[in-house]
Amino acid sequence: MTPFKVAIVGSGPSGFYAAEALFRSQYDVSVDMFERLPTPFGLLRGGVAPDHQQMKSVSKAYSKIAENEKFRFYGNIQIGDDISIEELTDRYHAVVLAYGAETDKQLGIPGEELSRSHTATEFVGWYNGHPDYQDREFDLSQERIAIIGQGNVAIDVTRILAKTVEELSQSDISQHALDCLSKSKVREIYLIGRRGPAQAAFTELEIKELGALSDADCTVDASFMRLSDTDQLEVADNSKVRKNVAVLESYTQVVGTKNKQIKLLFLRSPVEILGDESVSG
């Protein structure tokens with residue numbers, strides 16, 4: 001049987017799982033993996049929160065895949081500059097594109113371009129030491145921060161902003177981010193979602209983490225927990241939703257006494273970011 005040569009563009013989780021699937025197939029396959037950065041693992045390295053180190057342990061499995069004698073890694077290679085797709089297709093039997101999305105999705109509202117308005121991609125890359133975002137500056141001299149969205153990344157960003165230096169120092173957060181966060185004046189963090197509590201995208205574990213911080217309270221206004229008939233059906237039919245709602249209900253009883261306050265707002269869609277040169281509201 002003719003040996004198959006496969007090029008994989010991108011060295012994040014999807015790239016490594018593609019390589020693993022190829023090696024487990026019935027074919028005799030060699031894999032060359034190409035990565036724009038000098039180091040592999042993609043979002044596992046640059047996207048997973050630094051205080052979720054257990055999640056990063058899957059890199060051991062990727063390293064095991066890379067030990068295959070028919071695997072080669074080429075870092076610091078920019079497709080389109082250093083080598084073209086046409087060159088790859090000429091030299092390999094197949095090319096797998098596993099590079100993910102490099103750009104951010106915009107809200108499309110006025111004021112989004114203002115200073116002090118940032119994407120989560122920038123902030124997460126900055127505190128994780130991603131080389132693309134080391135020159136970013138974040139003004140943490142403000143007392144109030146609004147985070148649009150309530151998915152896992154929004155929860156990560158909230159947690160990093162709300163943790164103490166002592167808590168963060170136990171993670172693998174980049175030193176420059178830790179130095180900046182140590183001087184943070186942030187006291188109120190608003191986590192804003194366009195849907196209701198029954199449709200929230202976070203998991204029970206993630207939302208519970210916000211209630212277990214040493215110097216931050218997580219609160220929900222009881223008015224948000226008046227569930228519609230449709231919401232109540234979701235709660236009854238879905239254990240994940242039921243657990244989330246139970247945690248959120250418990251946060252309506254929290255009296256904010258700690259130094260920082262996390263406030264979850266539901267059923268709110270941003271229409272404009274206010275300000276002249278930088279965000280004011």
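Helix α5 is followed by Gly-129, whose phi is positive, near 80 degrees. The model described here is a predicted one. Helix α5 itself covers residues 120-127, and six of its eight residues are buried, so the helix is largely enclosed by the rest of the structure.

**Helix α5 and its surroundings**

- The buried residues of α5 are Glu-122, Phe-123, Val-124, Gly-125, Trp-126 and Tyr-127.
- These buried residues pack against three helices, namely α2 (42-46), α6 and α8 (175-181).
- Tyr-127 touches Pro-50, Asp-156, Val-157, Ile-160, Ile-173, Ser-174 and Ala-177, when residues up to four places away in sequence are not counted.

**Nonpolar cores**

- The largest nonpolar core has 44 residues. Tyr-127 is among the residues with the most contacts inside this core, together with Leu-161, Ile-207, Leu-248 and Leu-264.
- Helix α6 supplies the largest share of this core, with six residues.
- Another core, of 15 residues, lies apart from the largest one; Val-6, Ile-8, Ile-65 and Phe-71 are among its members.

**The parallel sheet**

- An open sheet is formed by four strands in the order β5-β6-β8-β7, with parallel pairing.
- Strands β5 (144-148) and β7 (216-220) are the edge strands, each pairing on one side only.
- On average, neighbouring strands of this sheet are turned by 20 degrees against each other, direction ignored.
- Helix α6 (residues 152-162) lies across β5, β6, β7 and β8, and runs at about 175 degrees to β6.

**Strand pairs within the sheet**

- Strands β5 and β6 pair in the parallel sense over five bridges. Within this pair, Ile-145 has Ile-189 in β6 as its bridge partner.
- Strand β6 (residues 188-192) also pairs with strand β8 (residues 260-265), in the parallel sense and over five bridges. In β8, Gln-261 is the residue opposite Glu-188.

**The two faces of β5**

- In a regular strand the side chains alternate between the two faces of the sheet.
- The covered face of β5 holds Ile-145 and Ile-147. The uncovered face of β5 holds Arg-144, Ala-146 and Ile-148.

Terms used
Residues are numbered from 1 along each chain as its sequence is written. This is a predicted model: local features need pLDDT of at least 70, side-chain atom pairs count only at pLDDT 80 or more; totals for chains, interfaces and linings use all residues. Side-chain values use heavy atoms; hydrogens and water are left out. Two strands pair if DSSP finds at least two bridges between them. Axes are lines fitted to C-alpha atoms, for helices over the stretch in contact, and angles run from 0 to 180 degrees between N-to-C directions. Contact means heavy atoms within 4.5 Å. Buried means under 20% relative accessible area, exposed over 50%, partly exposed in between (1.4 Å probe, protein chains only). A nonpolar core is a set of buried Ala, Val, Leu, Ile, Met, Phe, Trp, Tyr and Cys residues joined through side-chain atoms within 4.5 Å.
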